Amino acid sequence: MKKIQVGFLLSYDYELLKKSIPPVYDQADTIFLAVDKEYRTWSGNKFSIPDDFFDWLKAFDVDKKIEIYADDFYVPELNAIQNDTRERHMLGNKMGLGNWLVQIDSDEIFIDFKSFVTNLRKYDSYLKNPAQNPIQFAAFHVNVYKYLPEGILYIDKPSKFLVATNYPNYKYAKNTKSRIVYFNSLVLHEGLARTEEDLKVKLANWGHKHEINDTFLDKWKMANAQNYKDLKDVFYLDADTWPSVGFFPSNDLFEIKKIVEKDETLTIPATKLFFRNFGQWFKHLFKKKKPVFESYFDL
């Protein structure tokens, strides 16, 4: 059987991997951690990773599934999102064509990766000739907005995100522009759930830094358990993408998982999934194939 290859990017937010690797470990055949060999971000800024993180990694990896993939992932002539896309392409090739290539960010915590893999296996026929039949798979984020002493603020509308493909012809971050199949899989996304200092580091170094709107950080800083219902349009790019905020009365992620699993408002309706998947199938039925890789992948 073809492998379930899981890839993470190892960078300045390495500590988050201690929460995102364990939920996928048992179902993965190999887990690749891609890190720039000079410890540079996509913007060229330097970072460091202490030895005790690698000590944790070695102790956790009882089945010897984890592989460090160090390479030159920073090209100064490219902007941050181009370096992002380039690294994901290189990581995808390292993971091996002919397998399922699952790329998970360090701040993404799967609630039920086993069910995701079960659904993915239904499409194993697409692994026979991936270059001619590219396909990608999406799940849904429950976006953690901010940690508070009393609990966690989150975005009360799950958002789609791309997570797996059979062919890593990425055009923009994890998007290959090929047909998407949506699964009813929820993933806690800790993209913004950091200290103010750590959040500023992320905003200065990630692929979307040139697109962040002027109101985002001020709203994030003022958000609390008393005023969250009054906050509107809090997304960091197009603000109205996240129209409102909810509250979990706990900051224990394991408790949050249980709450999410029982919350019907965070469940993606079957009819919605059907029409999304049918629309993607029909959209790509007669779509003309385009050249696979952008020129900057070869730099």
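## A buried pair

Lys174 and Asp105 are both buried (under 20% relative accessible area, with exposed meaning over 50% and partly exposed in between; 1.4 Å probe, protein chains only). The two also form a salt bridge, with their closest N and O atoms 3.9 Å apart; the term covers a side-chain nitrogen of Lys or Arg within 4 Å of a carboxyl oxygen of Asp or Glu. Lys174 sits in the loop between E8 and strand E9 (179-189), and Asp105 in the loop between strand E4 (100-103) and strand E5 (108-110), so this pair ties together parts that are 69 residues apart in sequence. Helices (H or I, at least four residues) and strands (E, at least two) are DSSP runs, numbered from the N terminus.

Lys174 and Asp105 belong to a salt-bridge network along with Asp84, Arg88 and Glu108. The structure has 12 salt bridges.

## About the model

This is a predicted model, where local features need pLDDT of at least 70 and side-chain atom pairs pLDDT 80 or more, while totals for chains, interfaces and linings use all residues. Numbering runs from 1 along each chain as its sequence is written, and side-chain values use heavy atoms, leaving out hydrogens and water.

Glu196 is partly exposed at 30% relative accessible area.
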